[in-house]
Amino acid sequence: MIDDAGVVVAFWVIAVSTVVCALMVAAVRNLVHAVLFLALTFVGVAGIYIVLAADFVALVQVLIYAGAVGVLMTFAIMLTPAADRRNSETIFQAPAAVLAGLVLAIVTFVAYDTEWRISGRDAFPATAASLGEAFLKPYVVPFEVVSVLLMTAMIGAIVLTREEGDDV
Amino acid sequence: MSSVVLASVSLENVLVIGALLFSIGLYVSLSKRNAVGILMGVELMLNAVNVTFLAFSRYVESPRPLDGQVFAMFVIAIAAAEAAVALALAVAVYRHRETVNIDEIDLLRW
Amino acid sequence: MTGALLTIITDNWWDIRDLSNLSGAIRDLVSDAGGPGWLVYVVAGLLGAAGIVTFVGVTAIINIWIERRVVGRMQSRLGPNRPGPVGLLQPLADAIKLMQKEVLQPKLADALVFTAAPIAFTVPGIAVLAVVPWGRNMTLASLDAGIVFIFAMSSLAALAVFIGGYGSNNKYALFGSMRVIAMLVTYEIPIVMSLLGIAMFAGTMNLDGIVRFQEDHWLFLIMLQPLAFVIYFMSSSAELNRTPADLAEAESEIAGGYHVEYSGMKFGLYYAAELINCVTVSAIIATLFLGGWWAYKLDEIVPGWMIYIGKVYAVYFLFIWTRGTLPRFRIDQLLAFAWKWMTPMALVNVLMVAAEVLIWEETGWSAGVLLPIYVVLNNALALALIVAWVRVFAPRFERFPDRPRFYSTIDVPSLPAVAPVQPGTQSQ
Amino acid sequence: MPIKSEPVEVNIGPQHPSTHGVFRMVARIDGERVTDVKMVVGYLHRSMEKLAEERTYTQNIPFTDRMDYLAAMTGNLGYCLSVEKLAGIDVPERAQYLRTMFSELQRVASHCMATGAFINDCGAWQTPVMYTFRDREKVLDLFEMTCGARITTNYMRIGGVAFDIPDEFLPALDWLVNDDLPARFEELENLIVGNEIILMRSRDVGVVTPEMAINASLSGPMLRSAGIAWDIRKADPYCVYDRMNFEIPVGYNGDSYDRMVIRIEEMKQSLRIIRQCMAELPDGPHKVDVPLALRPPAGEAYSRVESPKGELGFYVVSDGGPAPYRWHVRAPSLINLSVLPQMTIGQSIADAIVTLGSIDINVGEVDR
């Protein structure tokens, strides 16, 4: 339970603006604007992380999502022609909306229906060191697998985009 | 302070925010025409999942409460890799088909 | 309430050596007045933020003068010296001029992106200043992962520059944006790697903790990590768009790059933000490598934040110096330099630090014995690597000598005799 | 399948920090690489060659100031030489020496400008330009002392020079060429010759091969950088250059770096010539009297001088009237510029700027 009034106010402000930004991603016509709102959403989500006492994850979120993925997406948009920069919907708009609403309803129902085993503990103390420990002790195998995956993804991305017959 | 509605943030509140983000992401990824737009929806959903992970990590009784954060980190790492590959795919598809509109890319082979 | 006011007066809150006295006094005032705990937090945070924003505003203004004046001296001229005493009012004149200018926006520019970019470029630079310690107990937000915060903010600034150039709908601006991204992708790696050594030695990523480490072990980390300092300085000058790596602006090539379409106060914001970012990086260097507010025994006499600002300006002077003296790299040379020199060197540095920290922890020898040895070792390594690179790997142009050859006589071909043409006979 | 990239057409100029005036270079750029360059000249065209047909021979001298406004003295000199050749006027000895001295001083001033602007194009933030400007100012001070003008000197006259040098001129010149400028050039060389970044930026950038140079009829430092020893002062001596002892620096590779160091060495050689002129300067009249409305006999004359930019030639045709029948200027800037596409295509955009800077054009002379 988080009941420090400052944090509560911060949470609601951040949460509302994050959801509004996410809605703008769905609503705006211009793909570049959508990326910008997406970056704002990422920053807002990082704010929610901070409220949830995960400041290290929040910083990584800003670094990876808002910085890297945002730039990557803008880049991808620029590599495609100007005519394709609208963010229009397909014919699946209505079914998609229905499905999304359904998911929202179910998750909300489950969230309120379930009896959660809430622990009364305080926020975590500084998490960076304990996260590092977790990565290198119990989760060392997944950690290494992720690093291999990142390497593979990097090579894969290079292979996909490079010119055929390019010797470099 | 208790007289004010919403004076505290409960697990359910965070879960609903996560659900909202997830459903927006789902809508975006299902309805958008542009491949990059779809990718945005996917990223939104991954973020929503992360919010949920961290919410459980913060609130729920557990012997190893930090596991939620560790999972979130893994999700971020994999999402970064996925974004790189997906955008490379989008660029590659554009190069072959001169479009990134999903409804025009309807052949399994070209 | 009156009692609290009295404490503020009787307490030593005016002691400028430690501004946390002031915030403590305010905290007492609020809690004595019956304010809730979070209000103290908010008030102290707002005050700190106000302080930092004030500092940023004042620095941006002073730096305009300092930079123009110092560079002027380096260029054997005076620099601004007309408005006010020794030209001190020049920044004011600049600001008034910029504010009076019409804010132009290209017709086909993306209005939202075009407007948002300068703001998004300014904010991260200021935000970083929140995590640096200004003095003992004078950190606005003592973040546990302060170094990661620095990386996160610098990547945000790059996004801002990118979208600004993209939104201008100008080819030069687009070139600038593309170069920013290429440089960001390349230089993020050496920056992260170079600061990794610092975090490993200090055992923390908290900037307060790093300063405390330097205080405890009685040395500046630049002595332990000279190579990291060189790498960080060079990469951040690339990230800051300052010569020799100001490719994204490249006045002489792409006429200003990403801010070529900006005018009036929007340009002023870019201009100020560049100076602020430079101060921010100087502040990071002063904190991580130069001991922050701590300076041996000096910080017992002089207020810590004064020492700190002094160090920040010392580093800032280095940036002005490079700007005043060096020509610019070409983009491929700069990227090659980052990939072929900085990244491997940073990796070598990280390995070296890892081994040293491991020895320190495993043997349990006292820091007083080990650290001097490490200082000597690391300095020798840095020197050896730099010299080796200059001698072995640097681009060489020995195919041709630097100096031309000289001829005192030349073969004169005999000029053919031409019959004079009478005027009027020529065809028009 | 290759990447379908769209080449971008970028207007470098007419308003651009590095085009040294209103010169426009329409570059087609693929990524950072220049694939095509179109040059557009004429923004500064003032139709001087046509205007000259309406003015007397003496009235035309100011036009030559305003062609290469960074080297007005050599412009004056070339024109006066051609008219003297046409009219058969002998110039007094003292005037010959003064002309040599001033055209060498002008070469120092112009090369200072060229070197500083070139380093500026390499991206140094105006520091070298300020240093070289400081030296150039001192030369211009001497011009002002002699003829009252700094840039558009209008000093040479048909049959001599406009004014004799004042008494305080020679001591000032002595200080400049013996004390000040050698130290300044040494400082400049310490700063830029062999500088790693400048080497990286200018070696193998904008290469002119000897064949290219001869085919395009290049001249001046552009030609000499390609390894061809050619200098009008040696090949076709005018004034008193045949009595002077000096050397011409010649490059190896024809790249931008060679052109830069050749300019620096030429400045030193100019100081050598000036010293000899000072030592040998004879007494006597500084000009011969020439009728104001000079009517040279019908005929034509071409005379050329080695201006800082290259071979500056003046072709004058007279029909016996008070004004030239036809006047044409062989402007080295324009001709040196003609190889710009060959030099820049295939390089990156940054190199193209450096190449343009190393040619040292003067748009006033390109367009006339």
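Where is Asn241(C) found? I located Asn241(C) in the loop between helix H10 (226-239) and helix H11 (251-254) of chain C. Helices here are DSSP runs (H or I, at least four residues), numbered from the N terminus.

**Ground rules.** I am working with a predicted model, where local features need pLDDT of at least 70 and side-chain atom pairs count only at pLDDT 80 or more. Residues are numbered from 1 along each chain, and chains are lettered from A in the order in which they are written.

**Entry 1, Asn241(C).** I looked up its phi. The value for Asn241(C) is near 60 degrees, positive in a residue other than glycine. Is Asn241(C) buried or exposed? Asn241(C) is buried, with a relative accessible area of 8%. Buried means under 20%, exposed over 50%, partly exposed in between (1.4 Å probe, protein chains only).

I found a positive phi of about 40 degrees at Val86(C), which is not a glycine. Val86(C) sits in the loop between helix H3 (37-74) and helix H4 (90-100) of chain C. Its relative accessibility is 47%, so Val86(C) counts as partly exposed.

I turned to H3 (residues 55-79) of chain A and H7 (residues 171-202) of chain C. Their axes come within 12 Å and cross at roughly 140 degrees. Axes are lines fitted to C-alpha atoms over the stretch in contact, and angles run from 0 to 180 degrees between N-to-C directions. That makes H3(A) oblique to H7(C). Angles under 35 degrees count as roughly parallel, over 145 as roughly antiparallel, 65 to 115 as roughly perpendicular and the rest as oblique.

Definitions and conventions:
Side-chain values use heavy atoms; hydrogens and water are left out. Helices (H or I, at least four residues) and strands (E, at least two) are DSSP runs, numbered from the N terminus.
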